[in-house]
Amino acid sequence: MRKRNKEEEQAALEVLRKTGVSVLEAALVAREALERGRGKLKRARRCIELGDNALRQREKTVTFARAVDAALEDRVNQRSRSIIDMRYLSMRLMKQCPGLARRRIRSITPKECGAYIRQAFHTPRQRNKARLTLSGIFSSAIKREWCDQNPISKVPREKLCERRIRVLTREEIDTLLTAAREYEGGICLAAVGIMLYAGVRPNEVERLAWEHVHPEEGCIYIYPQHSKTGGARRVTIYPPLAALLRMIEEQGIPKGEAVCPTRWRKHWAKLHRQAGWTGEKRWEEDILRHTFASHHLVAFRSYAELQLEMGHRSAELLRTRYVSLEGVHAEDNFWRAPASGAGDLVPLSPHASDFALLMRPDAVQ
C-alpha cells in the first residue's frame, strides 16, 4: 500500500513538474474544485469545463471604442444623419466619461451605462438619444459575440416634459412665403411649401427628390430610407401646396433633381433671417410642421388622419407636443389656395365632412 502511494506521489510530481505549479498550489486548486463539485470528482471536472468556457467568452471581447467603430461599420448603408448622430453621441460619451473608451464592452453594467449617460448629457431628450445610441452599439457587439446581453434594456427612458411649439400667425406665413418667392429666384419655395402645407420633416425634405412629388396624384411619397422613423407614407398635396407647385412650373423657377437646392441648410438659414427671424426672434426647427398639424386638426378634427399624414406611430406625441390649438381658427385661411400667388382664395369649412370639397379639382384655380 505504502509502495503504491509512493508511486502515485512520484507520478503526480512528474505531472506537475512541467506546469511549474507547486504541489501545495495544485492541492489547493484541487480542493477548491472538489468543494465546488460537492466532493464528486466528475462534478468537479464539469465545473472546471464550464468555468473554462465562461472565461473564454469573457476574454472574447473588445474595448468600447472598437465596439463603436463596429457599430458604425454596420450602419454604413443607413442615412448619413443617423451615422452622424451615432458618431457624435458616442464620441461625446467617451470624451465626458474618462476611461470608457478602454473599457471592455462585455464588462459594462446597466448601472454604469446609466451613470455614463447622466454624466455626458444634461437634458432628458439628449439622454434618451444617447440611450438609443448605446443600445445600437451593444446590439452590434452581441452579433459579434463580444458580449452576451444588452445592458441598456435595463436602463429606463427618462420622462420628457414636452414643450409646446407655437404656431405661425397668418402674417408670419405670408412674410415667409414672400421671402421664399424672392430669395434667389424662388429656389427654396417648394421646400418651404412642402414643410408648411404637408407637414414633412425638415430632414425628410432635404432627402426628397422631385420624382417623389406627384401633383397629378395629389400626393408626395416618403420612402423608408428618407423617413425619420424608417416607415413609408403617402402625404397629401392640399390646395395651397398644389398652387405653389403650379406657380413654380408656370414661372419657370429652376428645379434640380432634388427638391432642395445645393447647400440647402445655408440657404434655409439665410432665408430665415431674410424673413425676419433674427435677434431675439429665434427660428424653431419644427414650427412649420407644428403649424400644419394644428391647422389640420382644427379643420378635419381627426387625430387618426393627422397621424397618417405626420408619420407618427401613435397620436400621443400629437396630443402632448405637436398640436397647439390656442388661437388657431378655420377662418385663418390657412388652407386657402392662391392662383399663382395672387387672386381669389378658396376657403375651407371647419368640418371634416368638407374634406372632399377642399380636394375638388376646382379648389385650386
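Q: What does the secondary structure of the chain come to?
A: The model is predicted. The chain has 16 helices and three strands.

Q: How much of the chain is buried?
A: Buried residues are 41% of the 365 residues.

Q: And the accessible surface, what does that come to?
A: About 21400 Å² for the chain. Carbon and sulfur atoms account for 51% of that surface.

Q: What share of the contacts join residues at least 24 apart?
A: The figure is 66%, taken among contacts between residues at least 6 apart in sequence.

Q: Which residues of α7 are buried?
A: Here is the set: Arg127, Asn128, Ala130, Arg131, Thr133, Leu134, Gly136, Ile137, Phe138, Ser140 and Ala141.

Q: What do those buried residues pack against?
A: Three helices: α4 (64-74), α5 (80-96) and α6 (110-120).

Q: What happens just after α7?
A: Glu145 takes a positive phi there, of about 65 degrees.

Q: Now α6. Which residues are buried in it?
A: Cys113, Gly114, Tyr116, Ile117 and Ala120 are buried in α6.

Q: Why do they count as being on the same side of α6?
A: Because the arc they cover around the axis is only 160 degrees. As background, an α-helix has 3.6 residues a turn, so residues three or four places apart point the same way.

Q: Which helices does that buried set pack against?
A: The buried residues of α6 pack against α5 and α7.

Q: Cys113 is on that list. How many disulfides are there?
A: The count is zero. For Cys113, the nearest cysteine sulfur is that of Cys147, 9.8 Å away.

Q: Is Cys113 buried or exposed?
A: Cys113 is buried, since its relative accessible area is 1%.

Q: And Cys147, buried or exposed?
A: Cys147 also counts as buried, at 5% relative accessibility.

Q: Switching to charges. How many salt bridges does the structure hold?
A: It holds 12 salt bridges. In general, side chains of opposite charge can pair when their charged atoms come close.

Q: Which residue does Arg144 pair with?
A: Arg144 forms a salt bridge with Asp74, with the closest N and O atoms 2.8 Å apart. The pair links distant parts of the chain, 70 residues apart. Arg144 is in the loop between α7 and α8 (170-182), and Asp74 is in helix α4.

Q: How accessible are Arg144 and Asp74?
A: Arg144 has a relative accessible area of 26%, so it is partly exposed. Asp74 is at 37%, so it counts as partly exposed.

Q: What about Arg233, which residue does it bridge to?
A: Glu204, with the closest N and O atoms 2.8 Å apart. The two are 29 residues apart, Arg233 in strand β3 (residues 233-236) and Glu204 in helix α10 (residues 202-206).

Q: Are Arg233 and Glu204 buried or exposed?
A: Arg233 counts as buried, at 9% relative accessibility. Glu204 counts as buried too, at 0%.

Q: And Arg66, what is its partner?
A: Arg66 forms a salt bridge with Glu73, the closest N and O atoms being 3.9 Å apart. The cut-off is 4 Å, so the pair counts. Arg66 is partly exposed at 33% relative accessibility, and Glu73 is partly exposed at 46%.

Q: Which residues are linked in a network of salt bridges?
A: Arg166, Glu172 and Lys281 are linked that way.

Q: Last one, His296. Where is it found?
A: His296 is in helix α13 (residues 287-300). It counts as buried, at 1% relative accessibility.

Q: What is His296 in contact with, leaving aside neighbours within four places in sequence?
A: Its contacts are Tyr238, Arg301, Glu305, Leu306, Glu309 and Trp335.

How values were computed
Residues are numbered from 1 along each chain as its sequence is written. This is a predicted model: local features need pLDDT of at least 70, side-chain atom pairs count only at pLDDT 80 or more; totals for chains, interfaces and linings use all residues. Side-chain values use heavy atoms; hydrogens and water are left out. Buried means under 20% relative accessible area, exposed over 50%, partly exposed in between (1.4 Å probe, protein chains only). Helices (H or I, at least four residues) and strands (E, at least two) are DSSP runs, numbered from the N terminus. Contact means heavy atoms within 4.5 Å. A salt bridge is a side-chain nitrogen of Lys or Arg within 4 Å of a carboxyl oxygen of Asp or Glu. The arc is that of the directions from the helix axis to the C-beta atoms. Accessible areas come from the Shrake-Rupley method with a 1.4 Å probe; for residues, only the protein chains shown count as cover. A disulfide is a pair of cysteine sulfur atoms within 2.5 Å.
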